[in-house]
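Please read the points below alongside the sequence and coordinates.

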Amino acid sequence: MTATAGRVESTPRVEARGVGLRTGLVTVAFLVAALAVGLAIGPVHIGLGSILDSAFSHVPLLHIHQSLGKDERGILWQVRAPRVVLAALVGGMLAIAGASYQGVFRNPLCDPYLLGVAGGAGLGATLAIIYASAAAAGTTWTVPLAAFAGAIAAVVATYALGRSVGAAHMTGALVLAGVTMATFTAAVQTFVQQQHTQQLQNVYSWLLGGFSTATWHDVAICAPYVGLSSLVLVLHRRVLDVLSLGDDEASSLGVDVGRARLAIVVAATLGTAAAVSVSGLIAFVGIIVPHTIRLLVSTSYRAVVPLSLLAGAGFLVLTDVVARTVLSPAELPIGVVTAFLGAPFFAIVLRTSRTLR
Amino acid sequence: MRFGPVAAVRGLSLRAEAGGWTALIGPNGAGKTSALRALAGLAAYEGEVLVDGRDARRLGRRAVARLVAFVPQKPETPAALTVAEYVLLGRTPHISYLGGEGRRDREAAARALRRLEIESFAARPLGSLSGGELQRAVLARALAQEAPVLLLDEPTTALDLGRQQLVLELIDALRQDGLTVVTTMHDLTLAGQYAERLVLLDEGAVVAEGTAAEVLSAPNVAAHYGANVRIVEDGAGVFVLPLRSR
Ligand SMILES: Nc1ncnc2c1ncn2[C@@H]1O[C@H](COP(=O)(O)OP(=O)(O)OP(=O)(O)O)[C@@H](O)[C@H]1O
Ligand SMILES: [Mg+2]
């Protein structure tokens, strides 16, 4: 008995803190609560019980009669639900992409727009809003597609520019190339927009981001990308921890650093581009959410990556609720709300970032 | 191996015996780090590196990582990672690319922690350790890799005299367990005392090689380090003492 106890004591607890059961449950609960709030709150209040009834009434054999009228059902399932789901997808994607970029570039201040996604998408959307809406009568596809294409084009250009510097200084060069690309696309975008001031309002409201026009169609465009890239990123959570040791050590541990980095960057970028193309440019989510998790849970990417996905989804759903209720019936652009909450938060993170490295 | 047109190390032929300790010595910029990085497969080179008789380039990165552990001069130690988490990362070559640690990996990491007597620090973040404790955590990380070859770049630089001996004794103990050790070193006296073979590099070429008594001669040190030294040799070892010229 004593011998056993002695052995137990001398065996150190060697474990990597991943997502603990409690943390995982709390985060899932946060997301579920956020979704419920998102569905319930609005100009027409719909009680949680009615939401559940209505949801389960679609399940055969249960014979639940829903208490909602036809109009309320329409509001719930055709207006609010796609909006809430889209906000969750976009928030989760931006947060997990931000966390991954921060890991790959070993820089806690990186955000998902780092490699020019935002600038490219902004330029693409601006061009579509100004030149295409007249011609194509502004189909629902034009603006997201142009934004997506612009984002991908900008990132490919950033990558080519960064690569031309040479593999040895790749990460630093990529960040600088991203800044270059963002500045350039912003310049072109501003120029085009100033030439067509009559469309300024439309361009502006797209740039600031939002979900006011969200439909199931948008969800369907965005979901496959978000699903696939978050899967790839979650699978890479331990690899991100290895990469935090630096290129040399990761490589001496048998990891093909170049390939791992490329896989992570491609996944994060594709997902971000898809998210941005249906929601516009929503700032700060990719920074606030991962850092909150680092401060509250762990800096290991095994926790940061999966928890960012869940918490980011819940966070943006709640932010969207704020955006559409504060000035109701008018809506605040959601980018304004995230930035308003994000800037002070960012200041706090900066002040404590000595402990984050 | 070369950087652009400049060959950093030329004509290096090195044979490290199992359970042996080879020290690469030489002045700043001689190519010690470059040679070690080539051995670890971290830098491109011409010629071949054979590990256990097998060509490292054909083995692939992961297989090499299971055979060769490398500790750079200034290892990256993320402050918020715990010692246990850090040491577990040493198991990477034994884990599939997208996999996680299993029981055997945790056991190997626990053994490494015990071997270096830091099991009580397992849950401490790296940022809270003293320099000496951190050095042991780094060694434990390399040890958890369970590679038969251990490459260390200047393991004692920036440590005080006592700590230098502590770390070197530790490495010596690991070598007694059967590890093959290759280190680069600047302290010639210590190099002579711990390593049974010294390889003196200068401008990328091997200029002397052998036991401490053979390599550490006043003319050698003068020619390659440009230093004026007195060599004192007695039963306890070869001592390289700096001597002012005038
Ligand atoms: N990335 C690089 N690009 C170009 N030259 C390099 C590079 N790394 C090292 N060198 C050069 O190769 C030579 C050998 O460098 P190395 O780092 O191997 O020296 P060292 O013997 O470890 O020196 P020290 O004792 O100062 O650590 C030096 O002349 C150095 O300037
Ligand atoms: Mg060196």
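In this predicted model, Glu101(B) and Arg238(A) form a salt bridge in which the closest N and O atoms lie 2.8 Å apart. The count of salt bridges between chain A and chain B is 6, and 11 residue pairs across the interface, both members at pLDDT 80 or more, are found in polar contact.

**Interface between chain A and chain B**

- On the side of chain A that touches chain B, the elements giving two or more residues are helix H10 (237-243) and helix H11 (247-252) of chain A.
- That side of chain A is made up, by class, of 10 nonpolar, 11 polar and 11 charged residues.
- The contact draws 32 residues from chain A and 39 residues from chain B.
- Between them, the two chains bury about 3000 Å², with 56% of this area on carbon and sulfur atoms.
- Of the area that chain A buries against chain B, 23% is supplied by Val14(A), Arg238(A) and Leu253(A), which is more than any other three residues supply.

**Enclosed space**

- Searching the whole structure gives 1 cavity of 30 Å³ or more, and the largest cavity holds about 40 Å³ of space.
- Residues lining the largest cavity include Leu94(A), Asp111(A), Pro112(A) and Tyr113(A), together with Ile282(A) and Phe284(A).
- Helix H13 of chain A (residues 285-296) provides the largest share of this lining, with 3 residues.
- By class, the lining of the largest cavity comprises 8 nonpolar, 1 polar and 1 charged residues.

Definitions and conventions: Residues are numbered from 1 along each chain as its sequence is written. Chains are lettered from A and ligands numbered from 1 in the order in which they are written. This is a predicted model: local features need pLDDT of at least 70, side-chain atom pairs count only at pLDDT 80 or more; totals for chains, interfaces and linings use all residues. Side-chain values use heavy atoms; hydrogens and water are left out. Contact means heavy atoms within 4.5 Å. Buried area is the accessible area (1.4 Å probe) that two parts lose on being put together, summed over both. A salt bridge is a side-chain nitrogen of Lys or Arg within 4 Å of a carboxyl oxygen of Asp or Glu. A polar contact is a pair of N or O atoms within 3.5 Å; within protein, one must be able to donate a hydrogen and the other to accept it, and residues adjacent in sequence count only if both atoms are side-chain atoms. Helices (H or I, at least four residues) and strands (E, at least two) are DSSP runs, numbered from the N terminus. Ala, Val, Leu, Ile, Met, Phe, Trp, Tyr, Cys and Pro count as nonpolar, Asp, Glu, Lys and Arg as charged, and the others, Gly among them, as polar. On a 1 Å grid over the protein atoms alone, a cavity is a set of points where a 1.4 Å probe fits but cannot get out, and a pocket is an open set with protein on both sides within 12 Å along at least five of seven lines; lining residues have an atom within 4 Å of a point. Grid points are joined across faces, edges and corners, and a volume is the space filled by probe spheres set on the points.
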